[in-house]
Amino acid sequence: MALTKDWWSCDGKGHRDPSGVPNPNLLDFAPSRRGLMMGASMAMAGWLGARSALGQISISAKKSRDRIMVVVFLRGGADGLSIVVPYRDSDYYRARPTLAVASPTDRTAGAETRALDLDGFFGFNPLLAPLLPLYKSGELLALHAVGSQDPSRSHFEAMSAMEKGLAREGSGPSSGWLARQLADTTHDPASPLRAVAIADVMPDSLRGAPQAIAMQSLEEFRLAVGESDRAAAERALALLYGTGRDEVSIAGRETLETLKTLRTLDTKSYRAASGATYPVSDLGTGLKQVAMLIKANLGLEVACLNKGGWDTHIAQGATVAGAKLGLLASLLDDVGQSLAAFHRDMGAEMYRISVVVMTEFGRRVEQNSSLGTDHGRASTMFVLGGGVRGGRVITKWTGLNAAALDEVGDLKVAIDYRDPLSAVLHAHSGYLAPDVFPDYVRNDPGMYNHSYLGSAPKIADLPA
Amino acid sequence: MSVSRRDCLIAAGLASTAGVAGCARVSTVVRRNINRKHLAPPSHPVTPDVRLLNRAGFGPTTQDLTDLAEDGHDKWVSKRLSDEIPEDPLLLAVLGSIDVEAMDGMEMRDFPLEAMLTQLQQVAILRARYGRNQVKERLVDFWTNHFNIYGRKGLAAYRKPRDEHEVIRKHALGYFPEMLMASAKSPAMLGYLDNRLSDKDHPNENYAREIMELHSLGVRSGYTQQDIKEVARCFTGWTVEDRFMHRRGEFRYESKWHDMGEKVVLGHKIRPGDHFVDRAEATGLHGLFAREGSTDESLVGLNEGEEVVRILGEHERTAHFIATKLCRYFLHDRADEWITRTTQTYLDTKGHIPSMLQPMLTSAALQESAPKIKRPFDFLVSSLRVTETQTDGGRELVNALRDMGEPLYQWPMPDGYPDRTQSWASGLLPRWNFAIRLAQGGFRDAGVDYQSLGGDPIRTAGMILRRPILVNDPYIAALRDLPPNFAIAAMLASPEFQWR
């Protein structure tokens with residue numbers, strides 16, 4: 001069955017036989033004659049059918065009323081107890097002798113190392129100071145003791161469960177929850193870029209999403225050809241990708257549409273509004289890209305970003321002065337500054353945006369021997385946006401004493417992570433795809449203002 | 001995906017009652033799962049030889065096709081699985097000129113991190129491009145991701161070169177339990193997953209968890225949180241030399257840090273000194289004895305971690321997990337029969353990797369299964385190979401890998417780069433740009449062989465896709481009126497070339 005080594009060195013003339021009949025000698029070399037012929041003719045038919053659908057994208061310049069969800073996933077299991085600090089819970093200080101963040105009134109600690117009071121019980125890590133004004137103005141909401149039912153304490157299981165919208169990893173659809181919501185709704189005129197992941201790799205939450213693309217930066221999102229060759233190159237790619245119904249061909253067509261769309265965007269001369277300064281970090285520059293896309297009004301509905309490095313088994317630290325080399329310090333500093341810059345830059349647009357900050361699980365209440373913490377269960381979540389009824393920490397706090405914790409010594413999950421997520425989806429469109437969160441009964445944590453919910457873009461149910 | 005005319009009209013009618021004019025930007029419920037329902041696997045024709053070289057290696061070169069035609073699949077595969085292929089002396093000479101191959105990584109501590117990572121990747125690109133034992137190079141990619149180490153954590157980049165040789169390459173064609181033991185004692189892994197700092201007072205669970213979840217048993221395979229804690233206790237004291245007199249950064253067992261209490265792991269009782277290892281066969285111990293002149297006293301308790309590795313290496317769930325991963329990587333996602341068969345082979349041969357792979361790589365399942373997407377490293381290397389590109393694998397290609405989303409040794413999480421189509425399909429543009437740049441001579445240190453590829457675009461297409469281009473091939477339309485050398489780029493950028 002193996003072919004001779006030089007079968008491909010035919011001069012190619014036979015391929016273009018004007019009679020249109022393939023060279024029968026060439027067919028003899030094919031792995032399966034019938035399969036090859038069928039493949040070729042089917043591909044041809046598909047190509048003719050699909051060609052006319054290309055190149056009909058028009059972008060509405062109208063002011064959009066659409067709401068946009070920005071999901072920032074803190075990967076590695078972020079320590080909620082160091083982010084939204086339960087400083088009035090004395091067990092916190094017992095379990096974390098060197099890692100705890102000092103209470104706002106602790107005179108023995110330096111002023112810059114004390115928690116920033118939120119509600120008399122919880123306080124922000126001082127490195128989140130840039131977010132405090134947003135909390136106070138009521139645009140930022142914190143949730144505590146949030147998580148999934150996944151007991152594995154495995155990054156991959158827990159992330160996968162959350163990104164698929166499941167209670168726990170195991171059964172259920174393999175597509176992402178955002179993907180299912182996107183697949184179940186649409187916009188007209190169609191946008192080539194409904195969802196973007198500012199990432200190297202498409203996150204699982206967008207797995208299977210229509211019109212979703214992963215990119216590292218908008219500026220680099222262009223074909224590496226001179227202006228004179230661009231049309232020819234794009235035409236060739238459109239023809240190559242014009243036929244297939246496989247994931248790569250579909251993604252290729254979407255990439256070509258996105259290229260056309262983004263060509264109108266002048267990323268180089270972008271200036272953030274109101275003097276907002278984004279940190280030069282992946283998250284900071286990522287959010288800046290998202291801001292550009294939103295302002296360009298291209299029909300973006302979902303943006304996903306990652307911030308890794310939260311798996312602080314060693315040298316976790318807590319605040320800058322408390323543990324100078326701690327890993328959390330630079331992470332929290334970046335999160336605070338990036339979100340604050342995005343908020344400032346978006347200005348009034350923030351009204352139609354919800355930024356969700358989430359993580360796959362929190363960390364063990366008791367610190368370990370390496371000045372770090374091991375994998376735990378519940379953690380914190382933020383929702384930042386115009387319609388949010390913020391300035392609150394929503395939780396069902398039962399304390400950090402051994403009796404309140406689970407059998408391993410972890411903070412129990414009091415709020416299903418899907419409660420806030422479904423609240424955001426509902427506030428954004430008044431609609432949840434039926435399978436967006438399988439086997440889940442919606443439980444509204446009361447996150448949004450009533451007027452905001454009332455003004456959500458209406459969804460029209462189609463008759464069955 | 002677009003809304004049908006009718007859907008849009010209905011939506012407009014309803015929407016206008018809500019005070020929204022026309023059809024603009026109204027969210028509308030449409031048919032569900034339209035994307036998923038309409039998905040079909042790619043069906044391009046591929047010859048058996050090309051399929052084998054795409055799956056078991058990094059794509060065809062003329063030389064491989066010649067060898068394969070001479071030997072036939074069985075012999076070609078077995079020669080490589082038994083590692084009988086002498087390496088290309090020219091490749092060895094080039095590798096010898098790269099610091100990270102010529103020196104010990106820990107002696108390179110004054111090298112910048114970026115230089116270490118670049119050189120490590122350069123070596124990987126060169127070996128995959130030129131390595132004569134393509135099966136081995138393919139397995140190195142597999143095992144490197146299986147035992148993933150993030151080069152930007154701590155000293156990992158300086159420890160990784162030795163890990164690559166002593167764990168991955170040394171055992172890629174050997175016995176899996178031995179690779180598992182080597183990895184457990186690899187300073188790079190001990191640092192990456194924090195076991196380096198684990199002591200009896202507060203055992204660190206990071207490595208204990210991942211060795212079971214990702215390296216051996218697989219997740220949800222029956223171990224409990226308690227097992228994780230017990231395994232962590234067994235590994236207390238497994239650390240890395242870092243004191244003044246011990247700067248070589250090798251594996252070190254610190255009995256003072258070790259928890260000497262009894263442990264129960266997966267139902268097995270484990271006690272210090274219970275199972276003193278047969279030193280001749282214990283991987284990695286030779287160096288320790290020779291250098292330190294340690295007495296048995298200082299090694300009391302070392303047996304416990306080794307016992308854990310042995311339990312895991314012999315475990316039926318490990319056999320199943322490794323078999324599943326190999327089948328998914330080399331065959332396809334639903335190869336249940338092959339998983340059963342390969343699991344049995346693992347158990348019968350004590351995890352002998354070539355015995356598991358020989359039937360798999362020569363199977364009809366490998367030939368008939370739906371294509372798998374190439375990860376960026378695979379795409380880059382197969383592009384170089386199919387175009388017979390001569391390269392030093394240097395910084396430009398390393399940067400291209402980063403742009404395509406797979407900078408080697410830089411996946412932060414211990415599970416390695418994903419192997420699913422959906423993870424990679426959305427990142428086509430950097431691949432297209434790589435193809436364009438390579439074809440148009442845009443890389444100073446990687447030039448394609450225009451002599452054999454240039455000229456008639458249809459001939460070029462046949463050379464790159466390694467199949468006959470028939471008169472009604474849909475690609476033919478794309479090959480007309482292209483800028484110079486763009487036919488090469490177009491074929492490397494084509495959907496077909498993204499699959500293996």
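Me: How many helices and strands does the secondary structure of chain B come to?

Reply: In this predicted model, the secondary structure of chain B comes to 27 helices and seven strands, where helices (H or I, at least four residues) and strands (E, at least two) are DSSP runs numbered from the N terminus. Local features need pLDDT of at least 70, and side-chain atom pairs count only at pLDDT 80 or more, whereas totals for chains, interfaces and linings use all residues. Residues are numbered from 1 along each chain as its sequence is written, and chains are lettered from A and ligands numbered from 1 in the order in which they are written.

Me: Leaving aside neighbours within four places in sequence, which residues is Met212(B) in contact with?

Reply: Two residues are in contact if their C-beta atoms, placed from the backbone, lie within 7 Å. On that rule, and leaving aside neighbours within four places in sequence, Met212(B) is in contact with Leu217(B), Tyr223(B), Ile228(B), Val231(B) and Leu312(B).

Me: What makes helix H25 of chain B largely enclosed by the rest of the structure?

Reply: Nine of the nine residues of H25(B) (residues 457–465) are buried, so this helix is largely enclosed by the rest of the structure. What covers these buried residues includes helix H20 (376–386), helix H24 (450–453), helix H26 (475–478) and helix H27 (486–493) of chain B. H25(B) is followed by Arg466(B), whose phi is positive, near 55°.

Me: Why are H3(B) and H4(B) called roughly perpendicular?

Reply: Axes are lines fitted to C-alpha atoms, for helices over the stretch in contact, and angles run from 0 to 180 degrees between N-to-C directions. Angles under 35 degrees count as roughly parallel, over 145 as roughly antiparallel, 65 to 115 as roughly perpendicular and the rest as oblique. The axes of helix H3 (residues 48–56) and helix H4 (residues 62–81) of chain B come within 10 Å and cross at roughly 75°, and H3(B) and H4(B) are therefore roughly perpendicular to each other. In this contact, Asp49(B), Leu52(B), Leu53(B) and Ala56(B) in H3(B) meet Asp64(B), Leu65(B), Leu68(B), His73(B) and Val77(B) in H4(B).

Me: How do you know whether H10(A) and H11(A) are roughly parallel or roughly perpendicular?

Reply: The axes of H10(A) (residues 282–295) and H11(A) (residues 327–346) come within 9 Å and cross at roughly 15°, and the two helices are therefore roughly parallel to each other. Among the residues making the contact are Leu287(A) and Ile294(A) of H10(A), with Val335(A) and Phe342(A) of H11(A).

Technical notes
Buried ≥ 20, exposed ≤ 12 C-beta atoms within 10 Å, placed from the backbone.
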